[in-house]
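Please consider the protein model shown below. The paragraphs after it lead through selected parts, one at a time.

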Amino acid sequence: MTAVIVAVPALASPAQAADAEAEVLRVDLAATTGEVRGGATGILYGLGDPGVPSRDLIAGMRPHAVSQKAPDGEQHPNGDALVVADELFDSGGKTVHIYAQDTYSRWPYQDLGIDDYLNRLRPQLAKVAQRPDRARFVWTIFNEPDGIWYQDWATKKDKFLADWTTVYRTVKDAIPEARIAGPGDTHYIENRMRDFLAYAKANDVLPDIVTWHELSADSLTHYRGNFQRYRALERELGIAPLPIEINEFTNRRDTSVPGQMIQWITMFEDTKVDAQMAYWTLAGNLSDHAVRASRANGGWWLTKWYADLTGRTVRVTPPQPSVRDTLQGLAAVDRSRKQATVLLGGTAAPVRVAVSGVDSRLFGRQVEVTVRKAAWSGYEGDAGAPPVVAAARSTVADGTVRVDLPGGDKLAAYQIIIRPAAGAPPRPDTTWSASYEAEAGTVTDATVYRQDDDSWKYTASGGHDVGSMNQAGSRVTVDVEVPRNGKYKLGITYGTNAFVGQQALYVDDAYRQLVTYPATLNWSYRGRLDLPIDLTAGRHTLSLRTSGPDGFLGGVSDVTLDRFQLTAAGVERAEHPAVTARLTAGARLDPPSGAAVLPRNGAATFYLAAAEDGYYRVSTDLAASARGTVSFSLSDQAVDAYTIPRRGDWTSTSTVFLRAGITRLKLTNRGSAPVTVGTVSQRRDAAADKAGTLIQAETGTLAGGATVVTGRWATYVGNLGNGGTLTVPRPAGRPGPHQLTVWYAQADKNTGHPYNTDAITRFADVTEAGSTAGPTRLPFRHNYTWDGFWPESYRLDLTTADGALTLGNATAWGPNIDAVQLSPLVVSTAVHRR
């Protein structure tokens, strides 16, 4: 037997992890259960406006379907199905579901009669009917009818069935190829479903897709039974199996959390249905998986791993099937890639993954096993690419592989990849790190709150946090120990109540600095701030306090603290092996080498993660049998090309500007001979940042009512838009692709919805003096406060050498702007012999 022992620092106390008995997850690679469906990453109101979220985040998550607002509907200020559909389709999505009743302004929907509803529905149908891709839209004609308009089944059944028929036929008459989803109840209700299906079959109004919601944490226990009862009901009524879409699932405590989301994904993939995450917070943030507009949290990385799965799923046996908040997992084998992948999580106990059926005819006698960990980073906390926490190469003697995980982190998920051994042995990330719960420290003049006693609350690490830090003496102090002198990164998981926060950091009772926290939605909607800190080897106390050397900081210091994580600091770098790439247009993985082979026009797409806006050196291992060209694009926009001079092994290197968050790097072979792509490496090149030009907004030229405002945190330009403009000069340079980074703030929203934050995206149009090109529209996502500034970076293709840039919006308000920075997209490109 092959044993791969994973040594990961536990996020719970070491004693807790050591004392727990290992749970066993059994994976049988020889027992296939069907083609990978990949349908459990759908999202209700996952998209908000063009660019919110970024196409890179959408493409990485690859939702099969999203549900969005009715065209011109009044329920929410954004998320219009026709406005966001093209971004979904262009990013690999298949279907947009239209919540037709979201034409109404109130929740629950005001009941104005079926005729009023039909009058609102017909204009929606007319708009969609004009699109050549109208068949890609699915109509959810009733949403939660058991709770809205038709609650009492005994007295409302006949009305619902009659209204269903009327609306159903109205949709089919307008768009004959339209698909209709329903009934869409708040949960699976056997008697309503039986009556509905029997009537719908008899009257030829069966839905094309059967839907209901699974929103409670207890759905993790009950869903499989509901699925089986539904399929039995179909058989009883003589109805051929219909596609199922659970068009709302999860609750607040699960979204963004890898160890929770894996439990939901597993049961939907096991039953081969599609499913869409519910909308609890903000439209356009991928149901709490998008950080700002373009960054990813830990939950996004899990969904990306799931979207990467290809081939056939195999039998996975957890210790407690269909039990909420327990270890669950799924696995798949892709025979063409000679690769097996296991995804798992959901427990704080140590885990033994017992893999059987490892076929030597497919994998060979030696395999390499690579384990990555997606840790929870908060709802609004940038995660970065999950590290390789263990890697090993071993001989398989009896068709089995064993992977041991240490436990201690029920919020995390793991990815295990098993493939034939090839090339240099895989290497784990050995960066030192340790985690400390705020509530486990010394808490003074503050309150420890329990957050795991209600499944509708947002998650907290360890189930608790420290809040009510509203007194001059409020503080949280933790004891830490670091292995060596040097630089560390202090990651603070925190929440504010939609304000910029500030606390004082003390180390060993000596004041170090003020810590300024970007605003979050509320005290329990977690963000994460990474702070550089120098420490000497040994033990220290770290203390965050509401008072500094100059006294009490006031209300801005009332920040909720959840978790602290210390990590040894170094130059930011990452490696992306070809086995993690998505291959298209005939590209294939070469199992013996682990490299991607690209025929002419074949492509390999990698997802790069940058911790900050700035320049990175991106290098790629290439091999070719003849002279050729490999083009590369960032975020699906062409950037440059590598010329391979002749046969041989080469390394291409470009210094390019990457925005903070996720960027798709696509390599496409433009030559006639195949090209082999190996590992893509990225390394932060801060020295290259001097190529950019930073301009404070207040030094620009203002017109049309835009004004300079002096706020608590910055001096900025306000009243931008509705004719108000800001013009900034450009230094002499070159035309071509650039990145414009804008430090902005805006907290515009609708009010009155009982639980959704109806955040509004504001836009600014950028025009270039001397250019004949039209303006470029930039989206600025709601960032919770009017005077706390986030950087967001945008691609600009400039056509002049030095034309000034003007930011404004002729018809609506834009954001407040603190500063802008203009940077050439590419600084250098070269190809060298390897």
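In which loop does His64 lie? His64 is found in the loop between α2 (55-61) and β4 (65-69); helices (H or I, at least four residues) and strands (E, at least two) are DSSP runs, numbered from the N terminus. The model is a predicted one, in which local features need pLDDT of at least 70 and side-chain atom pairs count only at pLDDT 80 or more, while totals for chains, interfaces and linings use all residues. Residues are numbered from 1 along each chain as its sequence is written, and side-chain values use heavy atoms, with hydrogens and water left out.

His64 has a relative accessible area of 14%, so this residue is buried; buried means under 20% relative accessible area, exposed over 50%, and partly exposed in between, with a 1.4 Å probe and protein chains only. The His64 side chain reaches the backbone oxygen of Gly38 at 3.2 Å. Not counting residues up to four places away in sequence, His64 touches several residues, including Arg37, Thr41, Lys94 and Asp274, where contact means heavy atoms within 4.5 Å.

The aromatic rings come next. Rings of Phe, Tyr and Trp (its six-membered ring) pair if their centres lie within 6.5 Å; planes under 30 degrees apart count as stacked, over 60 as edge-to-face and the rest as tilted. By this rule there are 44 aromatic pairs. In one of them, the ring centres of Tyr104 and Trp149 are 5.8 Å apart and the planes stand at 80 degrees, so the pair is edge-to-face. Tyr104 lies in the loop between β5 (95-99) and α4 (114-129), and Trp149 in the loop between β6 (137-140) and α5 (153-174), so the pair ties together parts that are 45 residues apart in sequence. Tyr104 is buried, with a relative accessible area of 0%, and Trp149 is buried, with a value of 7%. Ring pairs link both residues into a cluster whose members include Trp107, Phe142, Trp153, Phe160, Trp164 and Phe196.

Helix packing can now be considered. Two packed helices are described by the angle between their axes and the distance between the axes. Axes are lines fitted to C-alpha atoms, for helices over the stretch in contact, and angles run from 0 to 180 degrees between N-to-C directions. Helix α5 packs against α6 (residues 190-202) at an angle of about 35 degrees, with the axes 11 Å apart. Among the residues that make the contact are Trp153, Phe160 and Trp164 of α5, and Arg192, Phe196 and Tyr199 of α6.

Another helix, α9 (residues 298-308), is mostly covered, with 10 of its 11 residues buried. Trp300, Trp301 and Trp305 are among these buried residues.

The last stop is Gln503, placed in strand β27 (residues 501-507). Gln503 is buried, with a relative accessible area of 0%. A polar contact of 2.8 Å joins its side chain to that of Tyr517; such a contact is a pair of N or O atoms within 3.5 Å, where, within protein, one must be able to donate a hydrogen and the other to accept it, and residues adjacent in sequence count only if both atoms are side-chain atoms. Leaving aside neighbours within four places in sequence, Gln503 is in contact with residues including Met469, Leu514, Arg545 and Leu561.
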